[in-house]
Amino acid sequence: MEKKRYADLFIDFDDTLCDTHGGAQMALEALYDENGLDRYFDKADDFFDAYWRTNIELWQQYGKGEISRDFLIVERFRRPLNAGRGMEVTEQRCLQMGDRFLDLCVEKTRALDGAPELVDYLRQKGYRLHLCSNGFHEVQYRKLHNCGFDGCFDTVVLSEDAGVNKPKRGYFDYAFRLTGARPETTVMIGDGWESDMRGALDYGLDTIYYNRFPDYPAPEPVTHEVHALRQIMEIL
């Protein structure tokens, strides 16, 4: 089958090109040690599990526009810290831990295996590459640098600049205005079903779903589904 000719690629960043989850886990471990949280938790995993449950819930709400960025930043530590014993959990403490956590995340986050090779391949093929992310402005550019992606993208489209998050239609409206791309020659690449695929499908875009969990296939038809970054090279 002849490959469809695309001109522009909208590419998610977190856990598509960079190991955001792995970096965040290492940051949590460092944060746990730095703050002596073993005084309040029987096991470190109790804190980590509470954090991840909270984080997933809050990011889903943030993506839907149900909560603000400031609320997310405080609550993602307030709730897990309150799962411990005997700690005074103030907003100031949550903010301080949040700032330190973001610094550690940037420090420890690296590109996923195969991501630099994929980006180089796509650039050599002449595609225009547009990073599309709901991540925070002050963090994403630093993570791009740490992952070695400085200068690799024609455009960086962040939800904070758009004023609305993926998968909202307004985000994609903004992305097309900013990039000058055309929907009929654009494909969305990402690992997030709701934020990446749901938004792109609703907009009528072609999609490449980077699904790292083959036991859980896409709940709806997508243009392409891959389980490894190298497979994207076979499509584009």
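These legends walk through the whole chain and then a few close-up views of it.

This is a predicted model, in which local features need pLDDT of at least 70 and side-chain atom pairs count only at pLDDT 80 or more, while totals for chains, interfaces and linings use all residues. Residues are numbered from 1 along each chain as its sequence is written, and side-chain values use heavy atoms, with hydrogens and water left out.

View 1. Helices here are DSSP runs of H or I with at least four residues, strands are runs of E with at least two, and both are numbered from the N terminus. Buried residues make up 52% of the 236; buried means under 20% relative accessible area, exposed over 50%, and partly exposed in between, with a 1.4 Å probe and protein chains only.

**View 2. A patch of negative charge on the surface.** Here Glu 29, Asp 33, Asp 38, Asp 45, Asp 46 and Asp 49 gather. Helix 1 (20–34) and helix 2 (44–63) each supply at least two of the residues, and helix 2 gives the most, with 3. Asp 49 is found in helix 2 and counts as partly exposed, at 43% relative accessibility.

**View 3. Thr 54, also a helix 2 residue.** Thr 54 has 9% relative accessibility, so it counts as buried. Its C-alpha atom is separated by 21 Å from that of Arg 39, 15 residues apart along the chain.

**View 4. Two backbone spots to look for.** Most residues other than glycine have a negative phi, and most peptide bonds are trans. Asp 15 has a positive phi, near 65°. Asp 15 is found in the loop between strand 1 (8–11) and helix 1, and is buried, with a relative accessible area of 14%. The peptide bond from Lys 166 to Pro 167 is cis, with omega near 10°. Pro 167 is found in the loop between helix 7 (159–162) and helix 8 (169–179).

Conventions: Patches are made of residues with over 30% relative accessible area and no salt bridge: like charges are joined within 9 Å, nonpolar side chains (Val, Leu, Ile, Met, Phe, Trp, Tyr) within 5 Å. Accessible areas come from the Shrake-Rupley method with a 1.4 Å probe; for residues, only the protein chains shown count as cover. A salt bridge is a side-chain nitrogen of Lys or Arg within 4 Å of a carboxyl oxygen of Asp or Glu. Lys and Arg count as positive and Asp and Glu as negative; His and the chain ends are not counted. The place of a charge is taken as NZ of Lys, CZ of Arg, CG of Asp or CD of Glu.
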